Amino acid sequence: MKRILFVFVALLCCVFAGCDDDKAVEVYDVTVASTRYDSGFDSILGRVFYIVKLDEEEHWTLWRYIHGFDYEPGYEYRIRVKEYEVDTEGMMDRSPVEYRLDKVYSKELKTSDLPDHMAEHAYDR
């Protein structure tokens, strides 16, 4: 019985060691726009995307999903996100990276200043 318990505990340790947060590939400070982007068509990646701007960038870009992020339309967020590599072998509908919320710096009620080509596809009007 002790041997079975030891094997079980050892397996649990291996599983939790594999979930270590230190495996993040990148860490980003980003601004999330007060509205999301509606691509206008359903695709493998989805239809609605977050509009984000990395701190060191001047332009906005689109991200599919941020795990753990509770988005509320009308608010612009400043957050820290960790990027993880994801095993996509055998899954065509999965991105090779996954973004996870690490910290919310601020949440401000405002209309984000977006370029026209993004503003005209606003999802949360």
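An open sheet of 6 strands, with mixed pairing, has the order β3-β2-β1-β5-β6-β4 in this predicted model. Strands β3 (61-63) and β4 stand at the edges, each with a single partner strand, so one side of each lacks a neighbour in the sheet. Strands, like helices, are DSSP runs numbered from the N terminus (strands: E, at least two residues; helices: H or I, at least four). Two strands count as paired if DSSP finds at least two bridges between them. Strands of a sheet pair through backbone hydrogen bonds, either parallel or antiparallel.

Residues are numbered from 1 along each chain as its sequence is written. The model being predicted, local features need pLDDT of at least 70 and side-chain atom pairs count only at pLDDT 80 or more, while totals for chains, interfaces and linings use all residues; side-chain values use heavy atoms, with hydrogens and water left out.

Strand β5 spans residues 75-85. Its pairing with β6 is antiparallel and runs over 11 bridges.

A parallel pairing links β4 to β6. Strand β4 covers residues 66-67, and β6 covers residues 97-109. The two are joined by 2 bridges. Ile66 stands opposite Tyr99 in β6.
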